[in-house]
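Subject: Structure handover

Hello,

Please find below the structure I said I would pass on. My notes on it follow.

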Amino acid sequence: MTLRAGDLRHRVTIERYETGGRDDDGFDLPSPWVLFKKAWAQITYLSSKDMLAAKASQSEVVARMKLRYKAAQGIDTTMRVLYKGRVLAIDSQALDDNEDGMTYTTFNLSQGVETFKD
């Protein structure tokens, strides 16, 4: 299955969590999410059948994000995706395509589970 440019029609923002550090008095500073990259992606929400299968396996996955292989470099499960006002957590490591492993990369996304790092 080839990935056409027209398939990547969803603009997503990928953010990474940074530790805030400490201020002059030694108090913790707020830890912000900062821009990692913006990319064109294909976001596919799971069908009802897939959602039931995911719930049966105790998974929170609600969508899949497909990116070009090069655009996906450096993305990991500690990051999150902003798409159409929604915050989606990245639930899987990069899943490379079945053709040559260097055309596109897929990530599983979950919603409603916010994770904060210390």
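Glu15 is buried, its relative accessible area being 12%. Please keep in mind that this is a predicted model.

Glu15 has a charged partner: its side chain forms a salt bridge with that of Arg80, at 2.8 Å from N to O. Glu15 belongs to strand β1 and Arg80 to strand β4, so the pair links parts of the chain that lie 65 residues apart in sequence. Is Arg80 buried or exposed? Arg80 is buried, with a relative accessible area of 15%. That value falls under the 20% limit used for buried residues.

The structure contains 3 salt bridges. In general, side chains of opposite charge can pair when their charged atoms come close. Besides the pair above, Arg16 and Glu18 meet through their side chains at 2.5 Å, N to O. Arg16 is partly exposed at 31% relative accessibility, and Glu18 is partly exposed too, at 30%. Arg22 and Asp28 also form a salt bridge, with 3.1 Å between the closest N and O atoms. Here Arg22 is exposed at 56% relative accessibility, and Asp28 is exposed at 58%.

Next, the overall layout. The chain has 1 helix and 7 strands, and along the sequence they follow the pattern β-β-α-β-β-β-β-β. Of its 118 residues, 36% are buried. Among contacts with a separation of 6 or more, 58% are between residues 24 or more positions apart. The chain exposes about 7,600 Å², and carbon and sulfur atoms supply 50% of that area.

Leaving out residues up to four places away in sequence, Val12 touches Lys37, Lys38, Ala39, Ala41, Ile43, Met65, Val81, Leu82 and Tyr83.

Asn108 is in strand β7, which covers residues 104–111. Asn108 is buried, at a relative accessible area of 18%. With residues up to four places away in sequence left out, its contacts are Val61, Ala63, Arg64, Ala89, Ile90, Asp91, Ser92 and Leu95.

Lys84 sits in the loop between β4 (80–83) and β5 (86–90). Most residues other than glycine have a negative phi. Lys84 is exposed, with a relative accessible area of 67%.

To go through the notes in the viewer, begin with the salt bridge between Arg80 and Glu15, then turn to Val12 and its contacts, including Met65 and Val81. After that, go to Asn108 in β7 and end at Lys84 in the loop between β4 and β5.

Regards

Technical notes:
Residues are numbered from 1 along each chain as its sequence is written. This is a predicted model: local features need pLDDT of at least 70, side-chain atom pairs count only at pLDDT 80 or more; totals for chains, interfaces and linings use all residues. Side-chain values use heavy atoms; hydrogens and water are left out. Helices (H or I, at least four residues) and strands (E, at least two) are DSSP runs, numbered from the N terminus. Buried means under 20% relative accessible area, exposed over 50%, partly exposed in between (1.4 Å probe, protein chains only). Contact means heavy atoms within 4.5 Å. A salt bridge is a side-chain nitrogen of Lys or Arg within 4 Å of a carboxyl oxygen of Asp or Glu. Accessible areas come from the Shrake-Rupley method with a 1.4 Å probe; for residues, only the protein chains shown count as cover.
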